[in-house]
Every structure is written in C-alpha cells, then in structure tokens.
Amino acid sequence: MTVESDWDDWLPRAVESATPDGLAIWYLGCNGFIVKSSGGTTVFIDPYLGTGDPPRTVRMVPVPFNPEDITECDAVLGTHEHTDHVHGPSQAPILAGTGADYYTTDSGHDVIREEAWLENYSVTDDQLHEVTEGDTLEIGDLTVHVEPANDPDAEHPVSYVFEHDAGTFFHGGDARPGEFESVGERYDIDVGVLAFGTVGMIDDKETGEPTRTQWYNDENMIIEAANELQLDTLIPTHWDMWKGMTTEPTVLHNHANSFAHPSTLSIVEIGDRYDLD
C-alpha cells in the first residue's frame, strides 16, 4: 500500500515549525495525534493514513500527510493491534525516516511481525519496544505511563498518560468505561481523548452480511469514562472516521451537563491544534 496525502506536507511542516509553551496536540483524524512539547519532543499516537477496507470500512476524512514527509519524531505509540492503530504503511516509514522508537503491546507486535516491518521497511529491531500496563517511558521531557484499557474488541489494549510541566494528557485508544477509575484517582488529567461513535450496520468480516456493530463509546459511555478518569477537558475522537459509524460530537454537551466531569468539552477536527500550557 502506498500512502498519498490529500494535504501535501503542510501539516508536518506546521508541527516542525511550532514552538509550544507547553504541550501542542494535533488531531490527525480517526484516533491519531501528534504531541509536541516545549522541549521539542515529538510523539505520534496511533497515526493511521490508510483508507480502510472498502466497502466494509471506508475512510471519511482526508489523509493528512505522507509518512515519508515526517522528519522529526522521537517516538510512535500504538494503543492496540487494530489496523487503524498499528499499521506498517502509516508508521514504519516514520520510524525509518527519523530513527524514532516504537512502543506497543504484545498484540501490536504480532501485527509488526505479520506485516514484516523489519523486512519490508528500513526499521531495525532496536527501535521496537513492547509495553504493558504499569510501564513508564521517559521520552525527552515527557513522562508516559502505560495504563489499562477496556476494549472488548482488542486482544491487548492499553491507554497512555502523558505528564509534562504544562499538564497531563490522556489517550484512551478505543477503550470504554470499566478500567479507568484507578487512573482517574492516580493522575490529575487536564485533557483526555476517548473514542466516540454511533452503532452501525457494518459488513461482517467473515460473511459480508450487514451486522449491528459497536466499536466505540456511545454518548452515555463516553461521559461515564470521562467521570472515571475525572477529566477536566474531554476531546471525543474517532467520530469522523468510518462510514456508517460517524456521529455528531456536539450532542455530548447535553449528556455531560449534569455530571462532574468533564468540566469542558472540546471538539476538534482533523488538522486542528489544541494547546495545553
């Protein structure tokens, strides 16, 4: 698969030229993010540049960059093994071009072996690292904690807590409520991202028959997860990505209104930057 950007290279150049006072966070659509710190550390989380597997999964947002255009990256993190989270054509060229380290769980490494990253891309074994719950990573001026995640569709999902002098950022992957209470108790999370989407009739992978499918939090579940995490600000993600699973994130203002968390709902679109400082 060859990745073709719909936006040329303006987004990678914007990230490279940015000099954030704290943390700058760019949304890549789907559940992908770039985090850049005041110290210049740049981390990618779940960047996916594929178009899906039409007609079963059809990408509904632009492809924001070519992975070969990335020249600054210290690490790439994968939350779990699904294609739109661990994906060789999207991620291996970033590793090859920058020498960045890659972190994901054992099930993510199964994908790496199946896709033969070492053989098909200029990636070396010492760039690939397996993580599990309880691990702590020191990446530049970022401290990243690997925490549990409840994703019934994944083999081994994790979530990530990013600590920086400017504040704390949380990425939940595609997880739903059920594993986040201890995370909310141990960290003071300023902003967190959680996957949000509708239930849709998606072709079954084996039979091809349309099947009622839920991959992400619905309106009530995402607010429940935000309260487990005690989020100050919630950024809903994934709502933009797949045909038949998209939804309208502004409805969450109503669902969150009577709860303690989140205090703020921030709606971002692909390519948007959010600053934590």
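Where does Asp84 lie? In this predicted model, Asp84 sits in the loop that runs between strand 6 (75-77) and helix 2 (88-98). Helices (H or I, at least four residues) and strands (E, at least two) are taken as DSSP runs, numbered from the N terminus. Asp84 is buried, at a relative accessible area of 7%; buried stands for under 20% relative accessible area, exposed for over 50%, and partly exposed for what falls in between, with a 1.4 Å probe and protein chains only. Asp84 also pairs up in space with Tyr48: the two are 36 residues apart in sequence, yet their C-alpha atoms are 5.3 Å apart.

A word on the ground rules. Because the model is predicted, local features need pLDDT of at least 70 and side-chain atom pairs count only at pLDDT 80 or more, while totals for chains, interfaces and linings use all residues. Residues are numbered from 1 along each chain as its sequence is written, and side-chain values use heavy atoms, with hydrogens and water left out.

Now for the chain as a whole. The protein chain has seven helices and 18 strands. Its radius of gyration is 17 Å, close to the 19 Å that the globule rule gives for 277 residues, so the chain is as compact as a globular protein of that length. That radius is taken over C-alpha atoms, and the globule rule is 2.2 Å times the number of residues to the power 0.38. The C-alpha trace spans about 50 × 50 × 35 Å along its principal axes, and buried residues account for 57% of the 277.

Ile34 has Phe44 of strand 3 standing opposite.

Another open sheet of seven strands, also with mixed pairing, goes 9-10-11-12-13-16-17. Its edge strands are strand 9 and strand 17 (264-265), each pairing on one side only. In a regular strand, side chains alternate between the two faces of the sheet. Strand 9 is tied to strand 10 (residues 142-148) by four bridges in the antiparallel sense, with Leu142 as the bridge partner of Ile139. The two strands make a hairpin with two residues between them, and Gly140 in the turn has a positive phi of about 55°. Further along, five bridges pair strand 11 (residues 158-164) with strand 12 (residues 167-171), again antiparallel; here Phe162 has Phe169 as its bridge partner.

There is also the hairpin of strand 14 and strand 15, with six residues between the strands and a positive phi near 80° at Gly208. Strand 14 (residues 200-203) and strand 15 (residues 210-213) run antiparallel over four bridges, and Asp203 stands opposite Pro210.

The largest pocket holds about 560 Å³. Of its 19 lining residues, the closest to the centre are Arg56, His82, Thr83, Asp84 and Lys205. Nine charged, six nonpolar and four polar residues make up this lining. For these classes, Ala, Val, Leu, Ile, Met, Phe, Trp, Tyr, Cys and Pro count as nonpolar, Asp, Glu, Lys and Arg as charged, and the others, Gly among them, as polar.

A search of the whole structure turns up one cavity of 30 Å³ or more, and the largest cavity has about 60 Å³ of space. Helix 1 (10-17), strand 2 and strand 3 each give two or more residues to its lining, with helix 1 giving the largest share, three residues. Ile34 and Phe44 are among the lining residues. On a 1 Å grid over the protein atoms alone, a cavity is a set of points where a 1.4 Å probe fits but cannot get out, and a pocket is an open set with protein on both sides within 12 Å along at least five of seven lines; lining residues have an atom within 4 Å of a point.

Key:
Pairing = 2+ DSSP bridges. Points joined across faces, edges and corners; volume = space filled by probe spheres on them.
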